[in-house]
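Subject: Structure handover

Hello,

Here is the structure you will be taking over. My notes on it follow below.

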Amino acid sequence: MQKLGEYFPKSFLPVDDGEVLLSRLIKQCLSLTSDIHIVIGHRFFLMENFLQSRFPEVKRHYNKHYAEYSNAYSLECALREMEIDAETELMILDADSYISSQAFAEIKKDYQQFSGQNLIFTTSIKRSIGEWNIEADSNSIVRHIDTNITGQCHDVTVGCLKFNPIMAQKLKDEIGRYRIRDYWDYFYMDNLSTMELRNCNVHGNIYEIDSLSDIDLLWEGIFFCHKNNLSH
C-alpha cells in the first residue's frame, strides 16, 4: 500500500457511488454521535481541506510523527486534547475500514444495548492471516486474544472497539507507554484480566484495507451486493 498511499490516503478510496471511504464512515458515525475526532498526518492539507469543506463539525488532530511512530501515537494526539468524564464512552475505529450497512447496523445496536460496557467488534472470516483472533466464554466475555492465527474461521478483530468511562480514562492515562514500539491495540490485551471486554460478532461485511488485494476484495464485495439488490 506504500505506493498507493504515497499520493492519497487509503481512506480516500472510492466506494459506494463514488463516495470515498472516509466520508462514508463519518456519516455512519454521525448516526451514533456528533462528537467525532479524526487524527490526520499523511497528506495533511488534502485531508484538512476535505474535512473542512465536507464535515466542519468533525474535530481534527494533527500527528506530525505519523511516519515515525505506531498508531498509538495517533490515538495519543487525539486523547490528550479530549475531555473524558464520568459519562464519556469512547469508540475507536480505523479510518481505512469499509463497514457495510448491515454490519454497522449491528454495531450500532450493540453500542446502544450494552451501554457502559467495554466492547470489541469482530467478524468471522477465513482469510485471517495477520489478524487477531478473539476467544470468548459462553457469556461472550473475551478470555484470550491470539495474535498469530493462520487462515481458519475465527472471531477476528476489525479495528472497532468501545470503552466505558473508566477504561477510556485509563487509556488516556497510559497511551504514552505504547507510543513508539507498540500498536495501541496492545492496551486492551494488557488489561484483559482486569476489565470485562464483551465480544460482539458482526455478520455483515467489514473490509480492512491493508493491501491491494484487500481493495480487490472490497470492490468485488460491493459489486456482488449491488448485483444481488438489482436481482430482487
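The accessible surface of the protein chain is about 12,600 Å², and carbon and sulfur atoms hold 50% of it. Please keep in mind that this is a predicted model. The chain has 232 residues, of which 47% count as buried. Its secondary structure consists of 8 helices and 10 strands. Among contacts with a separation of 6 or more, 70% are between residues 24 or more positions apart.

I looked at H2 (21-30) first. Of its 10 residues, 8 are buried, so the helix is mostly covered. The buried ones are Leu21, Leu22, Ser23, Arg24, Leu25, Ile26, Gln28 and Cys29. That list includes Arg24 and Gln28 as well as several leucines. The cover over the buried residues of H2 includes E1, H3, E3, strand E4 (97-99) and helix H5 (101-113).

H3 (residues 44-54) has a buried set made up of Met47, Glu48, Phe50 and Leu51. Viewed down the helix axis, these buried residues of H3 fall within an arc of 165°, which means that they line one face. An α-helix has 3.6 residues a turn, so residues three or four places apart point the same way. On the other side of H3, the exposed residues are Phe45, Asn49 and Ser53. Helix H2, strand E1 (37-40) and E2 are among the elements that cover the buried residues of H3. H3 in turn is among the elements that cover H2.

Nonpolar cores

The largest nonpolar core contains 26 residues, and within it the most contacts belong to Leu79, Phe163, Leu171, Trp184 and Tyr188. At least two residues of this core come from each of helix H4 (71-79), strand E3 (90-93), strand E7 (142-146), strand E8 (154-163), helix H6 (165-174) and helix H7 (186-190). The biggest contribution is that of H4, with 4 residues. Another core, of 15 residues, lies apart from this one and includes Ile99, Phe114, Val158 and Cys200.

What does Tyr188 touch, leaving aside its neighbours within four places in sequence? Tyr188 is in contact with Ile120, Trp132, Ile145, Thr157, Leu161, Phe163, Met195 and Leu197.

Val156 is in strand E8. It counts as buried because its relative accessible area is 1%, and buried means under 20%. Val156 and Phe121 are 35 residues apart in sequence, yet their C-alpha atoms are 8.3 Å apart in space.

Thr157 is also in strand E8. At 11% relative accessibility, Thr157 is likewise under the 20% limit and so is buried. Beyond its neighbours within four places in sequence, Thr157 is in contact with Ile120, Phe121, Thr122, Glu131, Trp132, Ile134, Tyr188 and Glu208.

Aromatic pairs and charges over rings

How many aromatic pairs does a search of the whole structure find? The search finds 11. One of the pairs is Phe44 with Tyr62, which is tilted, at 4.6 Å centre to centre and 55° between the planes. This pair links distant parts of the chain, with Phe44 in helix H3 and Tyr62 in strand E2 (residues 59-62), 18 residues apart. Phe44 is partly exposed because its relative accessible area, 22%, lies between the 20% and 50% limits. Tyr62, at 43%, is partly exposed too.

Tyr178 and Phe187 make an edge-to-face pair, with 6.4 Å centre to centre and 85° between the planes. Both Tyr178 and Phe187 are buried. They also belong to a cluster linked by ring pairs, together with Trp132, Phe163, Trp184, Tyr186 and Tyr188. Of these, Phe163, Trp184 and Tyr188 are among the residues named above for their contacts inside the largest core.

Two charged side chains sit over rings. The charged end of Lys162 is over the ring of Tyr111, 5.4 Å from its centre. Arg198 lies over the face of Phe114, 4.5 Å from the ring centre. Phe114 is one of the residues of the 15-residue core.

Regards

Note on methods:
Residues numbered from 1 in each chain as written. Predicted model: local features only at pLDDT ≥ 70, side-chain atom pairs only at ≥ 80, totals over all residues. Heavy atoms only, no water. Phe/Tyr/Trp six-rings, centres within 6.5 Å; stacked < 30°, edge-to-face > 60°. Buried < 20%, exposed > 50% of the residue type's maximum accessible area, 1.4 Å probe, protein only. Lys NZ or Arg CZ within 6 Å of the ring centre and 35° of its normal. Contact = heavy atoms within 4.5 Å. Areas by Shrake-Rupley, 256 points an atom, 1.4 Å probe, with all protein chains shown as cover. Arc of directions from axis to C-beta. Core = buried A, V, L, I, M, F, W, Y, C linked by side-chain atoms within 4.5 Å.
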